[in-house]
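Subject: Structure for you to look at

Hi,

Here is the structure I promised to pass on. My notes follow below it.

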Amino acid sequence: MRIILVTGTGGAGRTAVATATALAEARAGRRVVLVSGDTGVDVADTGPGTLRLLTPTPAADFRREFLALQARSTTALDLLGTTPFEDAELTELPGSAQFALLRAVRDAAVTDADLVVVDLPPLREALALLALPEQLRRYLRRLLPPERQAARALRPMLAQLAGVPLPAQWLYETTARWEAELAAVQEVVDSPDTGVRLVVEPGPAASDALRTARLGLALQGLALDAVVANRVLPADSADPWFAALAAEQHRHLAALREEHPAVRELPHLGRAPRGPEDLLLLAVEDTPAAPVPGWRVEDRREADGILVWHVPLPGAVKDGLSLVRRGDELLLAAGPFRRNVPLPAVLRRCTVTGAGLVEGDLRIRFTPDPGLWPKAAP
């Protein structure tokens, strides 16, 4: 299954582009699911294919999850004398929309669709959203390590002695369910069949958005498939004012093409899209997902006595980089983005001895720890 994640700068028309792409693919005969929070999306007249709209429901999802958690912890809450909440008095908390969208993406990925198009939030929010499953899974493993469940066979006996069910049991069960849901979403995001598209309007902010997108995605091990330049004015206008504006747009388009090879242009309609036929003018054909540059370890022990971990970070600058080794993880910060990355097994027996940035390639040098490496045979 192909999955296209569409984000962009605020006001650039990412929802229209996502909807147009889904509609065009359905008219071409494919089974398409469009995940979008815009309830005004019109998915009628899809031709030979099918187009299903899947809308996240933050309020309903929050109430369902909260009430389920409350039901599992009834005994503990009774011991505290707590009055339980009822469905009607619950309103979702900040962050509910992000979790609802992730759940909708997971649900769409298990349908029989040929293509899933996801209308993501604006760029910065989208990058944080795509990083969320991995971050939360790390927090869960840190706070409630799976190995601590090894003694779960003793819990029924301990519960009998205590006279009440132990909270740890439902806590671990809930954590395991959350872990499974987050892992399913992360599998979708990390799939080689998942691609990311950036929608921008040609202008001064477009190149900055492209650099932000490439850096944020690269830190997560993802790649940018295409840049969609929306609302491009015709270059041959007889009106001097429009001609000057179009010329400025095309200068910014040229700058975008220098930074990214796949730039798609969409015309300015002169109005907001008014129906399926207008939307089809904004469709971007599906292309194979861009290959993700691998994070690879180069063995230079024989020549230099080191190993080098190559981390591709296009658009990164030296002053915006930070590295901190903590146990078997590396806390890597690039610009406004941060990620805790597990070290490859071979590097866990090494110490970090330096790093350098060469044309978007972060090269982290590791020296083998003599106390942890096997000694060579005499």
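This is a predicted model: local features need pLDDT of at least 70, side-chain atom pairs count only at pLDDT 80 or more; totals for chains, interfaces and linings use all residues.

Residues are numbered from 1 along each chain as its sequence is written, and side-chain values use heavy atoms, with hydrogens and water left out.

Back to D119. It counts as buried because its relative accessibility is 9%; buried means under 20% relative accessible area, exposed over 50%, and partly exposed in between (1.4 Å probe, protein chains only). The D119 side chain makes a polar contact with the side chain of T15, at 2.7 Å. A polar contact here is a pair of N or O atoms within 3.5 Å; within protein, one must be able to donate a hydrogen and the other to accept it, and residues adjacent in sequence count only if both atoms are side-chain atoms. Not counting residues up to four places away in sequence, D119 touches V6, R14, T15, A18, V35 and S36, with contact meaning heavy atoms within 4.5 Å.

V35 turns up again in the largest nonpolar core, which has 62 residues; V35, V118, L120, L256, W309 and L313 have the most contacts inside it. Such a core is a set of buried Ala, Val, Leu, Ile, Met, Phe, Trp, Tyr and Cys residues joined through side-chain atoms within 4.5 Å. A second, separate core of 22 residues includes A18, V199, V228 and L269.

Next, A26 in helix α1 (residues 14-27). A26 counts as buried because its relative accessibility is 0%. Leaving aside neighbours within four places in sequence, A26 is in contact with V32, T46, P48, G49, T50 and L51. A26 and G47 are 21 residues apart in sequence, and their C-alpha atoms are 6.8 Å apart.

As for the whole chain, there are 11 helices and 14 strands. Of its 378 residues, 41% count as buried. Among contacts with a separation of 6 or more, 65% are between residues 24 or more positions apart.

Happy to talk it through.

Best wishes

Key. Helices (H or I, at least four residues) and strands (E, at least two) are DSSP runs, numbered from the N terminus.
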